[in-house]
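Trainee: I'd like a close look at one part, the ligand site. Please take me through it slowly, and then show me what sits elsewhere along the chain.

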Amino acid sequence: MKGIVFTELLEMIEDQYGYGLVDSLLTESNLPSGGVYTAIGTYDHAEMITLVDKLSLKTQLPVPDLLRIYGRYMFRSFTRGYRPFVDRVDSAFALLQSVHHHVHVEVRKLYPDAELPHFTVEQPSENHLTMRYESERKLSDFAHGLIEGCLSHFGETATITKRNLVDDGSIVLFDIVKT
Ligand code: HEM
């Protein structure tokens with residue numbers, strides 16, 4: 001995974017719990033990278049899971065909740081770091097529809113080694129979007145948070161229903177209905 005995923009995660013933890021917790025997570029986690037991340041570097045995605053697992057032990061919050069909170073935080077960071085992708089559309093559904101065939105395509109051009117999920121998006125009606133997430137990294141809770149962050153960025157609200165199409169969480173269907 002790209003370093004930005006790690007630097008933003010550590011920043012979020014620092015914002016919410018203070019640097020002391022970041023420091024103890026890094027020293028206790030025995031990470032191959034040593035916990036030193038640069039935004040353009042690439043690191044094993046297992047390190048993210050290690051950090052979130054440890055964070056869950058320390059905060060008593062379940063891992064899926066933490067990944068979702070982190071997804072919401074990450075979307076806000078994308079609106080700053082990748083502003084043009086967000087500004088070229090005027091609604092959450094337009095952005096969600098452009099993630100796979102535009103945004104992540106551009107991300108891949110910038111970082112050929114980026115590890116990106118596969119999305120199949122359909123819009124059965126004006127207020128209804130479905131997103132089928134597929135990734136061996138099984139980060140659908142992170143995707144859930146990114147979808148929520150996207151809706152909130154555009155001042156929209158929706159009911160999001162998430163259903164595993166494969167038990168291990170590698171294929172997940174999101175049903176998003178605007179309210
Ligand atoms: C401006 C908007 C966005 C930008 C710039 C962006 C960019 C990125 C980048 C840089 C990564 C890290 C790749 C790596 O670590 O190798 C990533 C991963 C990911 N993105 Fe996006 N993304 C955006 C929006 C979204 C949205 C709205 C969703 C959800 C619907 C999404 C779903 C994901 C997921 C789930 C991953 C984790 C990798 C995986 O599950 O396999 N992204 N994205």
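**Around the ligand**

Mentor: Start with the record: an unreviewed UniProt entry annotates residues 2-161 as "domain: Heme NO-binding". UniProt positions follow the numbering used here, the feature name is shortened, and such annotations may be inferred rather than shown by experiment. Bear in mind that this is a predicted model, with residues numbered from 1 along each chain as its sequence is written. Local features need pLDDT of at least 70 and side-chain atom pairs pLDDT 80 or more, while totals for chains, interfaces and linings use all residues, and side-chain values use heavy atoms, with hydrogens and water left out.

The annotated span, residues 2-161, is 61% helix and 12% strand, and its end C-alpha atoms are 28 Å apart.

Now the iron. The ligand's iron atom has His104 as its only protein donor, through NE2 at 2.1 Å. A donor is an N, O or S atom within 2.8 Å of the metal (3.2 Å for Na, K and Ca), and water is not among the atoms, so sites may look incomplete. His104 belongs to helix α6, residues 92-110. It counts as buried because its relative accessibility is 18%; buried means under 20% relative accessible area, exposed over 50%, and partly exposed in between (1.4 Å probe, protein chains only). Leaving out residues up to four places away in sequence, His104 touches Val99, Leu116, Pro117 and Phe119, where contact means heavy atoms within 4.5 Å.

A backbone N or O atom of Glu115 is 2.6 Å from a ligand oxygen. The side chain of Tyr133 places an N or O atom 2.6 Å from an oxygen of the ligand, and for the side chain of Arg137 that distance is 2.8 Å.

Lys138 isn't a glycine, yet its phi is positive, near 55 degrees. With 40% relative accessibility, Lys138 counts as partly exposed.

What about the rest of the chain? The domain assignment, automatic or from a database, gives domain 1 (3-61) and domain 2 (67-178). Their centres, taken over C-alpha atoms, are separated by 22 Å, and 15 residues of domain 1 contact 14 residues of domain 2.

In helix α2 (residues 19-28), Leu21, Val22, Ser24, Leu25 and Leu26 are buried. Their cover includes α1 (3-17) and α3 (45-59). After α2 comes Asn30, with a positive phi near 50 degrees.

The loop between α2 and α3 holds Thr38, which is partly exposed because its relative accessibility is 42%. Neighbours within four places aside, Thr38 contacts Gly3, Ile4 and Tyr43.

One more loop, between α3 and α4 (63-81), contains Gln60. Gln60 is another non-glycine with a positive phi, about 65 degrees, and at 67% relative accessible area it is exposed.

Definitions and conventions:
Helices (H or I, at least four residues) and strands (E, at least two) are DSSP runs, numbered from the N terminus. A polar contact is a pair of N or O atoms within 3.5 Å; within protein, one must be able to donate a hydrogen and the other to accept it, and residues adjacent in sequence count only if both atoms are side-chain atoms.
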